[in-house]
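Trainee: I have the sequence and the coordinates open. May I put some questions to you as I go through them?
Mentor: Please do.

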Amino acid sequence: MRIAFLGTPDFAVACLAELVASGHEIACVYSQPPAPRGRGQELKPSPVHAFAEGLGLPVRTPVSMKTPEEIEAFKALDLDAAVVVAFGQILVKDVLDAPRLGCFNLHASLLPRWRGAAPIQRAIMAGDPVTGVQVMRMSEGLDEGPVLLSETVRIDALDTVASLHDRLAAVGARILPVALAAVERGGAIETPQSDEGVTYARKIRPAEARIDWTRSAAEVDRHIRGLSPFPGAWFEAPSDKGPVRVKALLSTVEDASGAPGTVLDDALLIACGEGAVRLLKAQREGKGVQEAEVFLRGFPLATGTVLA
């Protein structure tokens, strides 16, 4: 089919690669405009933009898909279908109606649970035992369209956003061409979403990242893994030069107790409101990510230390 692909982050790259490998004609790739990245804050293209350019595909990076000029340019592509994977913009009805067979979205949750911007993070933070990926026909509502294909993925005890993201991306890239093939031959079964169990995965706010040690160890552990590697759940640790911000990037729950925020041993076991978490990976300001043992060699946190 003749397809437009709309996507921005790493999660979407594998899907674009599979569509190209499946023989679809990619008429145009849409992605968010280049943004400041890295220490120098140099303008750089998104992962999808860079990948598409590497394949010689035409790329558009509109600030908004809602302008009359962009809508007309999209219509002029004369598409069979459009595929959206974490694009980052809401599509208006004129855009959704332009392709002959419609617009289709790959979403990283089991809808109607976790509609919205941060489904992977919210699933881990909520303690969901499973999540998944689904291909749906897009409608004007936020992630409300009927589902064409779905696959469930287990959330393991040591899963972070990074590890779960990679597994979901691989599954999504595998099922997306299957769903489109069914659409192409007219055999796709579209199942309306349930009106029950709707939840929204709101965007992660910076204020959410600070760790609250008064919460239970299970909640703190999920908070840490649900924000790893970015933006990273953090706490402040005392030092001779004043408080130092430390990101906690991997943890496990252990059966121990103490005043919340108290270091219980010399291997990063931290007391919570109920139980304790052991930090397995951490990162202090200006340093790279380190295993707990390496972290403690450069920044010891002795038993009895109280974290803010």
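Trainee: How far apart in helix α3 are glutamate 72 and lysine 75?
Mentor: Within helix α3, which spans residues 68-75, they are three residues apart, so about one helical turn separates them. Please bear in mind that this is a predicted model.

Trainee: What do glutamate 72 and lysine 75 form, and at what N to O separation?
Mentor: They form a salt bridge, and the closest N and O atoms are 3.9 Å apart. That is inside the 4 Å cut-off used for a salt bridge.

Trainee: How many salt bridges are there in the whole structure?
Mentor: The search finds 20.

Trainee: Changing topic, which domains does the assignment give?
Mentor: Domain 1 covers 2-200 and domain 2 covers 206-306. Their C-alpha centres lie 34 Å apart. To the contact, domain 1 contributes 13 residues and domain 2 contributes 13 residues.

Trainee: And how much area is buried between domain 1 and domain 2?
Mentor: About 960 Å², with carbon and sulfur atoms giving 57% of that area.

Trainee: How many salt bridges are counted between domain 1 and domain 2?
Mentor: The count is one. As for arginine 122 and glutamate 208, their side chains meet in a salt bridge at 2.8 Å, N to O. Across the interface of the two domains there are also seven residue pairs in polar contact.

Trainee: Which elements give two or more residues to the side of domain 1 that touches domain 2?
Mentor: They are α5 (119-126) and α6 (161-184). Of the elements on that side, α5 gives the most, with five residues.

Trainee: How do the residues on that side of domain 1 divide into nonpolar, polar and charged?
Mentor: Seven are nonpolar, three are polar and three are charged.

Trainee: What are the helix and strand contents over residues 1-179?
Mentor: The chain there is 33% helix and 27% strand, and the end C-alpha atoms are 13 Å apart.

Trainee: And over residues 203-299, what are they?
Mentor: Over that range the chain is 18% helix and 31% strand, with 32 Å between the end C-alpha atoms.

Conventions:
Residues are numbered from 1 along each chain as its sequence is written. This is a predicted model: local features need pLDDT of at least 70, side-chain atom pairs count only at pLDDT 80 or more; totals for chains, interfaces and linings use all residues. Side-chain values use heavy atoms; hydrogens and water are left out. Helices (H or I, at least four residues) and strands (E, at least two) are DSSP runs, numbered from the N terminus. Domain bounds come from an automatic or database domain assignment. Contact means heavy atoms within 4.5 Å. Buried area is the accessible area (1.4 Å probe) that two parts lose on being put together, summed over both. A polar contact is a pair of N or O atoms within 3.5 Å; within protein, one must be able to donate a hydrogen and the other to accept it, and residues adjacent in sequence count only if both atoms are side-chain atoms. Ala, Val, Leu, Ile, Met, Phe, Trp, Tyr, Cys and Pro count as nonpolar, Asp, Glu, Lys and Arg as charged, and the others, Gly among them, as polar.
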